[in-house]
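Visitor: I would like a close look at one part of this protein. Please keep it brisk, and start from a single residue.

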Amino acid sequence: MATLADPAHPRTPRRVAFSRAARLNHERADRAAASLVATLSIYQDGLSRGARYKAQYELNEVQRLYSLRQGIRRCRQGGRRCESALCAVCSTARASQNRRSLLDSLTTAQHGTVLLWTPTIAEAPGESLRSHWSALVQVFQTTTAGGWLKRRGVSGTARAIEVEHTAAGWHPHGHLLICFPKRLSRDAAREFALTLRDRWIVKAAELDRHASPQGQHIALIGASDLHRAARYVTKSRIRANASDTPSALWSSVRDGDADALSLVHELEAGSFRRRAWTTTGTCRPVLDLDDLLASGAS
Ligand SMILES: [Zn+2]
């Protein structure tokens, strides 16, 4: 494996084979299940606290050298943080903030039924991440246009877009919590889910994209699983020794993998100025009095 640790030429690493460990992570057949398993994992990895701290520190340093984003390269200079969702230093605080804010909203408003939807569209061979991301958002916008969700009684949504890289290419996909103020019967929830799924597939086809019926998982979230679901949709962050694509790619770069570096650069360019986290209605952050005063309310 080629070594990248040459700060004099950080932009011109040699191309080497993608590391075997990273490949195993990225090519799992059941990607959704794999990420869910990672989220719901009840054990820590075998590394000591010191080793985990060191791995995270190395990841921060490698981002400082190799990130395309000036904000990430300069993060913490002069005490300022970049707040980027792709920054190893800032993404964890950002994810926690989103999670706290979402849980706050979910407990403030009246919620009956909550669904967790994972919409996807198929990869187009050789397609850039940016183009795939745009297509995904476009299908989402046409599916929900004209207040479609609201007319069916949805009071709020929280949407995360996560990016995976697989043997087939870039695979951005959504994770959405869909909240109803009232409790739906199981049949009504199922009917809504099937209608939404079918509409997604039709709207994708209208935009010349393929969306497979098997690729659009919708789950009913019980009251006791609400915290877990909120954690799941806000889990995206860059950590050492994590198996999600952005973390695994950066960890591979840290280990000297030049192919992983070209992929993180695609990831950084492809997600530039794209919103990976959006909330609507009752899932929007609850304003407290300080926020209201700060926003100029009297
Ligand atoms: Zn940062």
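Leaving aside its neighbours within four places in sequence, which residues is Ala 229 in contact with?

Guide: This is a predicted model. Ala 229 is in contact with Val 114, Leu 116, Leu 177 and Ile 221, once its neighbours within four places in sequence are set aside.

Ala 229 also belongs to the largest nonpolar core, a set of 59 residues. Ala 229 is listed there among the residues with the most contacts inside the core, along with Cys 87, Leu 177, Leu 249, Trp 250, Val 253 and Val 264. As a general background, nonpolar side chains in soluble globular proteins tend to be buried together.

Now take helix 10, residues 245–254. With 10 of its 10 residues buried, helix 10 is largely enclosed by the rest of the structure. Just after helix 10, Gly 256 takes a positive phi of about 95°. For the protein chain as a whole, 36% of the 298 residues count as buried.

Next comes helix 11, residues 258–270. Helix 11 packs with helix 6, residues 129–144, at an angle of about 40°, and their axes are 8 Å apart. The two helices are therefore oblique to each other. The crossing is right-handed. On the helix 6 side, the contact uses Leu 129, Arg 130 and Trp 133. On the helix 11 side, Glu 266, Leu 267, Ala 269 and Gly 270 take part. By class, that contact has four nonpolar, one polar and two charged residues.

Helix 6 has a further partner in helix 8, residues 186–206. Their axes come within 9 Å and cross at roughly 120°. That makes helix 6 oblique to helix 8. Helix 6 passes helix 8 in a right-handed crossing. Here Val 139, Thr 142 and Thr 143 of helix 6 meet Arg 199, Trp 200, Lys 203 and Ala 204 of helix 8. This contact has three nonpolar, two polar and two charged residues.

Last, the wider setting. The protein chain has 12 helices and five strands. Among contacts between residues at least 6 apart in sequence, 75% join residues at least 24 apart.

Methods:
Residues are numbered from 1 along each chain as its sequence is written. This is a predicted model: local features need pLDDT of at least 70, side-chain atom pairs count only at pLDDT 80 or more; totals for chains, interfaces and linings use all residues. Axes are lines fitted to C-alpha atoms, for helices over the stretch in contact, and angles run from 0 to 180 degrees between N-to-C directions. Helices (H or I, at least four residues) and strands (E, at least two) are DSSP runs, numbered from the N terminus. Angles under 35 degrees count as roughly parallel, over 145 as roughly antiparallel, 65 to 115 as roughly perpendicular and the rest as oblique. A crossing is left-handed if the near helix is turned anticlockwise from the far one by less than a right angle, and right-handed if clockwise. Two residues are in contact if their C-beta atoms, placed from the backbone, lie within 7 Å. Ala, Val, Leu, Ile, Met, Phe, Trp, Tyr, Cys and Pro count as nonpolar, Asp, Glu, Lys and Arg as charged, and the others, Gly among them, as polar. A nonpolar core is a set of buried Ala, Val, Leu, Ile, Met, Phe, Trp, Tyr and Cys residues joined through C-beta atoms within 7 Å. A residue is buried if 20 or more other C-beta atoms lie within 10 Å of its own, exposed if 12 or fewer, and partly exposed in between; C-beta atoms are placed from the backbone.
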